[in-house]
Amino acid sequence: MTPSLAFPRYGDKQNSPQFDEYLQLILEERDSCGLTEAIRQIDALMVTVEPGHSRAYVGELCLMTPYHYLVTLESEEHLTHILRIDMNAPDILVREVKSPNTRGIFRSLNEVYPIGAHKPNSRYMGEVFRVTDAHSVIELQKGRDMRFFNQEQVRKLELPGNMAVLKPSPYTHNIVAYWERPEAEIRIYALGWSAIREDMQAAYLEAKEVRERLGLDRLLLPIDHLATRIYSQNREAAILEYLTLTSYYYWGSYDIVSENSSTNVTKSVHYSNELECPAKVFTAANHPYFVSHLVKRVSPTEQFVRNFGPRLHHLAVAVADGEVDGVPNIDYVVNSLRNCGRHFLLDVIGSKEEGLKQIFSSASEYSSLIIEYVQRFGDFQGFFTKSNVADLTHAAGVDESLRALEAESRE
Ligand SMILES: [Fe+2]
């Protein structure tokens, strides 16, 4: 295993001296106590949606990403649909709340935010990590004052009983869960009654037929990264907390001055290929919202967080390098999806010469999540170019202002 501090550092964003001091302490201790070795890849991502929305959302995901619908786990208050590519990429668990009256902690995380409250059951919940020894990982984490839901709470939340689930992070509002699974064994979620539902299967087959007819199934790859937006003052704490909870390392941070924002990247120590274990990105404003008028900078990131609460902003899907009829694959994918009525917040940005092209879709009506497409050319290793990130952040910010206006007009 490569020591967690041995990876090269990228980026130009200045961190506080305390950040560097804690980073070293946290990663050295994590490596030496065996946690880095015991915590492996992300096995599943969990998303929750409003009553009646999962059929459409599963259809949307099966058109816009390479996922397949596998099975539904039905419990008293939820339908949990399992989507899978294969055992080399994380599953997506789409969890529909059956009744609009169901209350719980994930709903509470939405309810105090003006736009988040409009769809109180719609949010990304967090990641499930495969661990080699659940007992020792849980004991070590409890010893670091990490708080877990107890078994009774996990049962009431109707989360799989074979997971140890941490309480939401105060910085990102996301959860991390652990479960033990030998690498060679298939993923089995201990929850409810399992059945292939006709309505979900129909939505899946319909989307898959379009995806194949357009040739998208050959171009769309697994998830490349997950990007969470947080308050500016929580940037360093959110990164360090995630490194404490996982076996990720700090890749580096870029300052996007024009958009009053920074992009902060963490990656798995064990999997250099993001498609096997996605990178986790944190985006935070450089200044809190209340000084925007003084520093004369807009703050699209802080605006998002104030409207929705800290939460996952987008899932980035990788697009295979190559061309279709002389057009880069990403342009072909986006044009095809536009012809199917899908919307994007801007045109594809970046270029082959710069190493990568990227785009943001409009936010999903069902999960509020944006899908980013990213195509890297040749052996380009980076995550972004600064001008791309500035354009993406700007486009998401403009969309955000429109949504805020819409939300106000509904109040
Ligand atoms: Fe991204």
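The second largest cavity of this predicted model is lined by Ser-169, Thr-172, Asn-174, Ile-175, Val-176, Ala-238, Glu-241, Tyr-242, Leu-245, Lys-280 and Phe-282. A cavity here is a set of points, on a 1 Å grid over the protein atoms alone, where a 1.4 Å probe fits but cannot get out, and lining residues have an atom within 4 Å of a point. The volume of the second largest cavity is about 70 Å³, where a volume is the space filled by probe spheres set on the points, and grid points are joined across faces, edges and corners. Strand E8 (175-180), helix H8 (235-245) and strand E13 each contribute at least two lining residues, and H8 provides the largest share, four residues. Helices (H or I, at least four residues) and strands (E, at least two) are DSSP runs numbered from the N terminus. By class, this lining comprises six nonpolar, three polar and two charged residues; Ala, Val, Leu, Ile, Met, Phe, Trp, Tyr, Cys and Pro count as nonpolar, Asp, Glu, Lys and Arg as charged, and the others, Gly among them, as polar. Because domain 1 (37-211) and domain 2 (215-410) both give residues to the lining, the second largest cavity lies between them. The domain bounds come from an automatic or database domain assignment.

Residues are numbered from 1 along each chain as its sequence is written. Local features need pLDDT of at least 70 and side-chain atom pairs count only at pLDDT 80 or more, while totals for chains, interfaces and linings use all residues, and side-chain values use heavy atoms, with hydrogens and water left out.

In total there are three cavities of 30 Å³ or more. The lining of the largest cavity has seven nonpolar, six polar and two charged residues.

His-314 in strand E14 (residues 311-319) and Glu-372 in strand E19 (residues 370-376) link distant parts of the chain, 58 residues apart. Both His-314 and Glu-372 are buried, that is, under 20% relative accessible area with a 1.4 Å probe and protein chains only (exposed is over 50%, partly exposed in between).

Helix H10 (residues 300-308) is mostly covered, with seven of its nine residues buried. Among them are Phe-304, Val-305 and Phe-308. Gly-309 follows H10 and has a positive phi, near 90 degrees.

Two further buried positions complete the tour. Asn-110, in helix H4 (residues 105-111), is buried with a relative accessible area of 0%. Its side chain reaches the backbone oxygen of Lys-119 at 3.2 Å and makes a polar contact with the side chain of Arg-311 (2.8 Å). A polar contact is a pair of N or O atoms within 3.5 Å; within protein, one must be able to donate a hydrogen and the other to accept it, and residues adjacent in sequence count only if both atoms are side-chain atoms. Thr-48, in strand E2 (residues 39-49), counts as buried at 4% relative accessibility. The C-alpha atoms of Thr-48 and Val-94 are separated by 5.8 Å, although these residues are 46 residues apart along the chain.

How values were computed:
On a 1 Å grid over the protein atoms alone, a cavity is a set of points where a 1.4 Å probe fits but cannot get out, and a pocket is an open set with protein on both sides within 12 Å along at least five of seven lines; lining residues have an atom within 4 Å of a point.
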